[in-house]
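Let's take a friendly walk through this structure, with an eye on how its side chains pack. Have a look at the model first, and then we can go through it together.

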Amino acid sequence: MIEIRGLQKSFGSHHVLKGIDASISQGEVVCIVGPSGSGKSTILRCINGLESYSGGSVDIDGRRVDNRHASIKAIRAEVAMVFQRFNLFPHRTVLENVIEGPVYVKGEDRAAAIVHAKELLASVGLADKAEAHPPELSGGQQQRVAIARALAMRPKAILFDEPTSALDPELVGDVLQVMRKLAGTGMTMVVVTHEMQFAREVADRVIFIDGGVIVEQGPAAGLLNNPQNPRTQDFLRRVLHPI
């Protein structure tokens, strides 16, 4: 579904991505891990056209991702993104946040969108929060609303950019449980995360990135339990067994 070939990205003189090659199949759950500043989030932003890339290519279902082309709107409707900081409209209710995309971007019937939104809110454990406003919710609840909002677009894939990194530790579990459930439905998911246990349990494949290049990738259990590259070994030792 997603083909990345020779992906390059620079911010001024800072070369962030230095030739990323990756393929993600329909229904696959891929976790991208690595140290801060390694380019993980930039990959996600290039996949759905939030960032233009400096070289290489990104294709989704055979269509080139180019944020200067009119097709980018359709691609973004099919590849949803869940951010670290939720990005909900604080002045609108939870329900209004969830129906925003289907109604105003895809042109869906409002009544039908509301029915679907309520179903999605129930699926993430927030059926009773439809009329609340985001500032009234905990961070974990807001992130679950953000996942429902992404699902409301009926996407082919969802990109998660460290979805639990802004949450208090006690709120992380509820969000990860929703993501586990979503993975079980066959949704294509690309997840930038520091939650190694989640990656071990849910991911089909893990990609370890450092310094803008893929250092190692492979089946989740194999890479996380028995990494072959010394840099991967060092990173996982520090993450899994912090001093």
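Please keep in mind that the model is predicted. Gln-141 is found in helix α5. Is Gln-141 buried or exposed? With a relative accessible area of 18%, Gln-141 counts as buried, because the cut-off for that class is under 20%.

Not counting residues up to four places away in sequence, Thr-42 touches Lys-9, Phe-11, Val-16 and Leu-17. Here are the two side by side:

| Residue | Helix | Relative accessible area |
|---|---|---|
| Gln-141 | α5 | 18% |

Helix α1 covers residues 40-47 and is mostly covered itself, with seven of its eight residues buried. Besides Thr-42, the buried set includes Lys-40, Ser-41, Ile-43, Leu-44, Cys-46 and Ile-47. After α1 comes Gly-49, which has a positive phi near 80°.

Now back to α5 and its partner. Two packed helices are described by the angle between their axes and the distance between the axes. For α5 (residues 139-152) and α6 (residues 169-183), the axes come within 8 Å and cross at roughly 20°. Angles under 35 degrees count as roughly parallel, and that makes α5 roughly parallel to α6. The crossing of α5 past α6 is right-handed.

Which residues meet there? From α5 come Gly-139, Gly-140, Gln-143, Arg-144, Ile-147 and Leu-151, and from α6 come Leu-171, Asp-174, Val-175, Val-178, Met-179 and Leu-182. By class, this contact has seven nonpolar, three polar and two charged residues.

Not counting residues up to four places away in sequence, Ile-147 touches Val-82, Phe-160, Val-175, Val-178 and Met-179. Ile-147 is also among the residues with the most contacts inside the largest nonpolar core, which has 53 residues. Leu-121, Ile-158, Phe-160, Met-179, Met-189 and Val-206 are listed with Ile-147 in that group. Apart from this core lies another, of 30 residues, among them Ile-2, Leu-7, Cys-46 and Phe-83. As background, nonpolar side chains tend to be buried together in soluble globular proteins.

Terms used
Residues are numbered from 1 along each chain as its sequence is written. This is a predicted model: local features need pLDDT of at least 70, side-chain atom pairs count only at pLDDT 80 or more; totals for chains, interfaces and linings use all residues. Side-chain values use heavy atoms; hydrogens and water are left out. A nonpolar core is a set of buried Ala, Val, Leu, Ile, Met, Phe, Trp, Tyr and Cys residues joined through side-chain atoms within 4.5 Å. Buried means under 20% relative accessible area, exposed over 50%, partly exposed in between (1.4 Å probe, protein chains only). Contact means heavy atoms within 4.5 Å. Axes are lines fitted to C-alpha atoms, for helices over the stretch in contact, and angles run from 0 to 180 degrees between N-to-C directions. Helices (H or I, at least four residues) and strands (E, at least two) are DSSP runs, numbered from the N terminus. Angles under 35 degrees count as roughly parallel, over 145 as roughly antiparallel, 65 to 115 as roughly perpendicular and the rest as oblique. A crossing is left-handed if the near helix is turned anticlockwise from the far one by less than a right angle, and right-handed if clockwise. Ala, Val, Leu, Ile, Met, Phe, Trp, Tyr, Cys and Pro count as nonpolar, Asp, Glu, Lys and Arg as charged, and the others, Gly among them, as polar.
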